[in-house]
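I opened my notebook and listed what to look up. My entries follow in the order I made them.

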Amino acid sequence: MQEKPEIVKLQSVGNLRVTMDDYFNRLKTADETKNKKIVWCTSVGPAELLYSMGFEVYFPENHGAMLGASKTADKYIPTAVAHGFSPDICSYLTSDIGAFLQNETPLQKSGFKSVPTPDILVYNTNQCREVGDWFSYYARYFKVPILEINTPLCINELTPSIIKSVAEQFKEIIPELEKVATQKFDIDKFRETIKLSHDGCVLWRQVLETAKNKPSPINFFDSAIHMGPIVVMRGTQHAVDYYKILLAELQERVRNGISAVPNEKLRLYWDGMPLWYKLSSNAKMFASLDTCIVASTYCNSWIFDALDPADPFESSALAYCKLFIVRADEEKEKVLTNLLSEFSIDGIIYHESKTCPRNSNNRYGLQNRLLEKTKVPFIEIHGDLNDSRCYSEEQSIISIETFIQQLANRK
Amino acid sequence: MYRIGIDLGSSFTKGVLVNEDNAIVDYFVGRTGFDFDKASKKVIDHFSAQHEIEYPIFTCGYGREKLTVPLVSNSEIIALSKAVFDIYKKPCSVIDIGGQDTKFVKINAEGQVDKFKMNRKCAAGTGSFLEEIAFRLDISALEFNEFAEKATEEIRINSFCTVFAVSEIIGMIKNGSNMPSIVLGIYNSIIERSFELALVEDFLVVTGGIPDNHPMILKLFKDKFKNTESPEKSQFLAAYGCVLLNTK
């Protein structure tokens with residue numbers, strides 16, 4: 001048997017755990033004592049606006065990822081399917097609703113009786129239509145208001161009319177939020193939250209950019225875990241504080257030449273969603289192949305550095321419309337081309353996620369166009385973010401191992 | 001001293017015995033089953049009964065890491081490409097149809113893998129597809145080929161799913177379609193699936209247990225793409241490539 005190299009764990013994991021525990025404790029307290037109102041929000045929804053109005057914000061997509069990473073999603077998806085949801089739609093949705101129907105959640109380990117009860121729900125369609133269907137289910141169940149920011153999909157040029165429309169929608173939901181919130185909207189508080197969100201995003205970008213170093217101090221599997229605060233605490237001091245700690249550790253690693261993958265020989269890009277149920281085993285597999293996944297569409301999507309406290313509404317609209325997933329393929333190609341060059345990428349893995357077409361970028365020929373343009377080889381693997389039944393591991397491992405050997409032969 | 005190459009396939013384990021001149025002197029194939037170590041030891045026992053063999057053995061395929069004999073592990077796609085290029089010594093596309101995988105490999109002028117692709121998460125169009133149909137209709141691989149040779153027309157098989165394809169075939173039999181036309185349709189669905197993987201240009205090499213055991217499939221490949229060849233005993237190429245990859 002070949003000896004596998006040891007992966008050096010990030011020390012900041014301890015701080016991450018505390019930061020995330022504190023977040024969930026705030027939600028639990030609000031749920032139990034009703035000291036604060038709870039809003040459910042999509043992961044790239046208007047979190048800053050909601051935090052500025054004093055809500056505790058809960059993100060069902062984060063819960064979906066928890067179900068995937070805890071390898072329990074497969075237990076819940078069939079329940080949602082039996083209740084009329086197709087197994088072909090978003091498996092975050094089906095696993096989350098399935099778990100709800102079974103009255104189970106990984107949060108019960110942290111003392112929650114159930115997921116926190118919403119007072120209101122807010123979603124942004126910038127990712128997909130499923131979020132609307134998903135949130136509507138809960139709005140009907142809990143009989144609470146639901147608000148929508150309707151962002152067009154496949155945006156090529158970000159025109160002033162698109163920005164204006166989305167910015168107006170941000171303003172329009174404020175009176176509805178005020179009916180539920182304990183605080184009135186305050187523009188100064190909103191500006192302050194936008195600044196915190198901007199600062200957090202810049203720090204997150206700097207964290208990810210440490211992977212430009214050779215060898216990289218961080219890999220995709222670390223980033224997928226450490227992105228928790230930028231997803232759920234964007235616009236708070238908590239996220240800013242955490243990323244200062246993580247960034248300092250990574251900079252220290254760069255100075256000391258400590259790499260995420262011992263013997264880094266190849267640097268890959270991961271497009272598409274993580275295979276949450278394989279995060280740890282895939283991290284070990286790539287490390288054993290001396291390969292570091294240094295950048296990804298998924299983690300690099302949470303950089304909303306267009307946010308500007310001087311112009312909070314327009315800049316929010318811009319930031320949430322600039323997001324990779326909202327863009328047309330032409331724009332996506334530009335982003336990917338830059339990332340491949342900036343991170344010195346040797347090859348790309350496209351994960352075509354069966355139930356997440358909008359996060360699968362190899363469905364309309366982009367992969368071939370990018371190959372033509374950049375000459376960076378790729379492979380496609382077929383799986384899913386949460387539904388492990390869609391993933392054929394042996395077949396994927398053969399593909400990955402062959403790809404790595406193919407790339408090594410080119411060097 | 002002789003060297004052994006073993007390709008642990010999902011259905012069959014293929015072994016080759018190679019002499020000091022890099023020539024194959026013997027072949028062995030057996031069912032893989034659930035015990036990979038046992039399957040590979042059968043190959044080794046077969047060869048070592050008559051020849052002095054040297055370790056490590058050179059392997060590729062499923063579960064090779066679980067073997068308890070000294071070994072050097074290889075990617076089956078890289079090994080297959082090595083053996084194909086060793087024969088033809090020019091750029092080509094390879095379509096390999098195995099028990100549960102169909103692979104497309106593009107080999108460049110230097111013999112390196114430029115690009116490869118495997119079938120999506122579905123075994124339709126692979127050996128398992130034919131095995132399932134053969135089992136349900138109670139016919140052998142040999143009979144499959146004989147039926148296809150007699151076909152005067154083709155009936156198209158539409159189902160993506162292997163199990164539903166069998167249901168579709170049973171429906172066709174019920175409606176009076178003849179077996180030769182149905183089998184030709186089954187063969188053509190394999191061809192269609194293979195060419196769907198990627199664009200084939202210039203020169204195509206077809207390999208694997210399916211073209212070896214179903215000569216009509218190879219003929220249909222040639223009908224579809226004229227510049228097609230398939231070496232004899234092509235299902236052993238990956239095993240042979242494992243040895244070549246480790247030859248200085």
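I began with contacts in chain B, where two residues are in contact if their C-beta atoms, placed from the backbone, lie within 7 Å. Residues 24 or more positions apart account for 65% of the contacts with a separation of 6 or more.

I noted the ground rules next. The model is predicted, so local features need pLDDT of at least 70 and side-chain atom pairs count only at pLDDT 80 or more, while totals for chains, interfaces and linings use all residues. Residues are numbered from 1 along each chain as its sequence is written, and chains are lettered from A and ligands numbered from 1 in the order in which they are written.

Then I looked up the make-up of chain B. I found 9 helices and 10 strands; these are DSSP runs (helices: H or I, at least four residues; strands: E, at least two), numbered from the N terminus. The C-alpha trace of chain B spans about 60 × 40 × 30 Å along its principal axes. Of its 248 residues, 44% count as buried, meaning that 20 or more other C-beta atoms lie within 10 Å of the residue's own, with C-beta atoms placed from the backbone.

I turned to helix pairs. Two packed helices are described by the angle between their axes and the distance between the axes.

Phe144(B) and Phe147(B) are among the H4(B) residues in the contact, and H6(B) brings residues including Val183(B) and Tyr187(B).

Last, I asked how many residues each chain gives to the contact between chain A and chain B. I counted 14 from chain A and 14 from chain B. On the side of chain A, the largest share, 9 residues, comes from helix H17 (residues 393–410).

Definitions and conventions
A residue is buried if 20 or more other C-beta atoms lie within 10 Å of its own, exposed if 12 or fewer, and partly exposed in between; C-beta atoms are placed from the backbone.
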